[in-house]
Number of protein chains: 2
Amino acid sequence: MNVTIGRRTRHYRTVAFDSRKNAVRLIDQRLLPHQFQIVATGNFQETARAIHEMIVRGAGAIGATAAYGLAQGVRSFRGRDLEKLSLHVDSVYQTLQAARPTAVDPVNAMNEVRSRMSQGKTVAEQRALALTAAQEFANDDVRHCEAIGRQGGPLIQEGMRILTHCNAGWLAFVDVGTATAPLYAAQAEGRKFHVFCDETRPRSQGATLTAWELAQQGIDHEVIADNAAGYLIQRNEIDLIIVGSDRTLGRTGEVTNKIGTYTKAVLAERHNIPFFVAIPFSTIDWKLSSGRDIPIEERDESEVLGAWGAVALSRFRGSGPRFGRRVYVRVANPTSGARNPGFDVTPAELITGIITPAGIFKPKELWANRRKLGFKD
Amino acid sequence: MNVTIGRRTRHYRTVAFDSRKNAVRLIDQRLLPHQFQIVATGNFQETARAIHEMIVRGAGAIGATAAYGLAQGVRSFRGRDLEKLSLHVDSVYQTLQAARPTAVDPVNAMNEVRSRMSQGKTVAEQRALALTAAQEFANDDVRHCEAIGRQGGPLIQEGMRILTHCNAGWLAFVDVGTATAPLYAAQAEGRKFHVFCDETRPRSQGATLTAWELAQQGIDHEVIADNAAGYLIQRNEIDLIIVGSDRTLGRTGEVTNKIGTYTKAVLAERHNIPFFVAIPFSTIDWKLSSGRDIPIEERDESEVLGAWGAVALSRFRGSGPRFGRRVYVRVANPTSGARNPGFDVTPAELITGIITPAGIFKPKELWANRRKLGFKD
């Protein structure tokens, strides 16, 4: 999407590849929204570290990063021995997978790259095929998000007020995003609407990433505390809710997403507000048959007990506030601990529809439509 | 309640009066949980400023502070002319009321002090009566909270896991608190239980004040992001919810409380979790006949867009983390704005019971029991 720095507007992808320098180029998401900076990783080890340190995060974005990282590793191989290349690829694969061991997207992405490159008959051919496969994986990610926009765009009508949770925007994918895709599609068709971004504690991806994205694209929005969503819904100030998903069960329609999603779905049901989930094919889990089997990550308590932000510069002379270096501050009582589940599971009956690149489905209809949705036996 | 600093444990009230120095002594709540400091206001103007700057906050606490501030102002009067004293009292009253113009507790407290002192026949008698009345107001606040503890304590059974929201603890009153009173009563009877403190964004009173209080009293607790409550409720990890209230409508049983309370009540209903509200008589509004008539304060957007906390001291050598000066950090995208409603209204049908000093009532039974609950024609 477009990013404006100073007076210059340029199109960026979250993840891109510089084939001349054999480098993966990433928007450093740890510095957003206070600083926009591109990081170029010089080798696959650095790419793995970028995934691990969350310079890049989000299902589609880390998938594409791992695909490029594998191609990068292959392209750094010197020699003509296909067997040695294969051993090298195993090591690159393992390094990249270990960077975020529970995520499913990097694995799927790298399997695709590896399977494509194996069709090459020489090292040179395999090297070329690896990059082509990684590029295609990234392009497919963009195409799927654009298709979600076409499917979901008509839901966003003139003047609507839409609630989002967390960030399933273009920063979480290669471009366009999933939950944001219908918004960008509606904007492209000239419709005006207002987005409320749930802050999304404890990591505040709504206040930092989604708000930054929407500001960059010129979409009217406001940040709210997660606590305020119920109030706005109660007062008829929300017309529609759209969220993303980290894992949707194809057999049951249950949706795993950032902690707090379930609460919004419960509020939506009580007040008859449409609640949609936007997903690419890659996040559908066709194996599990119950949401209770989804492992829920318990994250570090420091996320709940404090916050990352930029210190206000009191001496700034100019219009509006300006902010300095990013620091972690301890908000909570220093002698207290915290629980920090990262995700929750929303049952199918609370979900109005699931927006996919292949159409909008009721959660319980995913299984019947599994062929359209990329299910492979 | 007891506060331990270093190895010394002492009993403190949130608000107290030093009659020798004619000073109101307050726990500086802006510095908690990172620093415990008592502020002594030397005159009524300083007391008004302490209310305005939120050194003291919470319904009962600011009521008692205003009562003491009025007595403090009366006691600083020099002369024997009762009419001049009366004019002086008007000015003190107005100064203290203007410090938090929408709050109802300071007005009720000061009216009580003024009505009692007017029975004095000389300036000296009126001065003495003003202080006696203020002391009694503060003591009544404590007695009412203790009575809430006696009424609500039996709800807290061995091993229960209780969710709280915001701070309706002893820091919000003169001592004991309302939502916390049943917890302290159950603890005094030797029962063990676990409290989950909703962080309560945007001002984080749960993470700062309630967590600090519970830590000081040795009650087992953990802070959670507001988003995590739904997850814990869904997984049967919450047995009971208790919150306070800023204004409860005596005619309808609707409860105004910190933003986010409504959401917890909706979740509680869906999962059949008892949802209790603990209130003293002073927060019952006997006039309004609909929750829609309750004005909801929209607060400054900076609260949502950032957070206050203490900077971690990376050079600290010792056990555990230590924290330095308190700063405001901007969390959200710098070019985004926010909506910040401070309160929401929970309808009577979502509330299991209202714990008062005179018993536990169904919300709709408040009106029928209005004589017991302090209603005056």
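**Strands and contacts between the chains**

Mentor: Let's start with a pair of residues: A:Gly306 stands opposite A:Arg330 in S15(A). This is a predicted model, where local features need pLDDT of at least 70, side-chain atom pairs count only at pLDDT 80 or more, and totals for chains, interfaces and linings use all residues. Residues are numbered from 1 along each chain as its sequence is written, chains are lettered from A and ligands numbered from 1 in the order in which they are written, and side-chain values use heavy atoms, with hydrogens and water left out.

Trainee: How many bridges pair S14(A) with S15(A)?
Mentor: Six, in the antiparallel sense. Strands here are DSSP runs (E, at least two residues), and helices are runs of H or I with at least four residues, both numbered from the N terminus. Two strands pair if DSSP finds at least two bridges between them.

Trainee: And in chain B, how do S14 and S15(B) pair?
Mentor: Strand S14 (residues 306-312) of chain B pairs with S15(B) in the antiparallel sense, over six bridges. There, B:Gly309 has B:Val327 as its bridge partner.

Trainee: Which strand of chain B does S14 of chain A pair with?
Mentor: Strand S15 (residues 323-330) of chain B, antiparallel over two bridges. A:Ala310 stands opposite B:Arg330 there.

Trainee: What do the four strands close into?
Mentor: A barrel, in the order S14(A)-S15(A)-S14(B)-S15(B), with antiparallel pairing. Neighbouring strands of this sheet are turned by 50 degrees against each other on average, direction ignored (axes are lines fitted to C-alpha atoms, and angles run from 0 to 180 degrees between N-to-C directions).

Trainee: What about S16 of chain A, is it parallel or antiparallel to S8 of chain B?
Mentor: Parallel, with two bridges joining them. A:Gly337 has B:Glu222 as its bridge partner in S8(B).

Trainee: Switching topic: how many residues does the contact take from each chain?
Mentor: 69 residues from chain A and 69 residues from chain B, where contact means heavy atoms within 4.5 Å. The area buried between them is about 5200 Å², with carbon and sulfur atoms giving 58%. That is the accessible area (1.4 Å probe) lost on putting the two parts together, summed over both.

Trainee: How many salt bridges across the interface?
Mentor: Eight by the rule, which asks for a side-chain nitrogen of Lys or Arg within 4 Å of a carboxyl oxygen of Asp or Glu. One of them joins B:Glu199 and A:Arg201, with the closest N and O atoms 2.5 Å apart.
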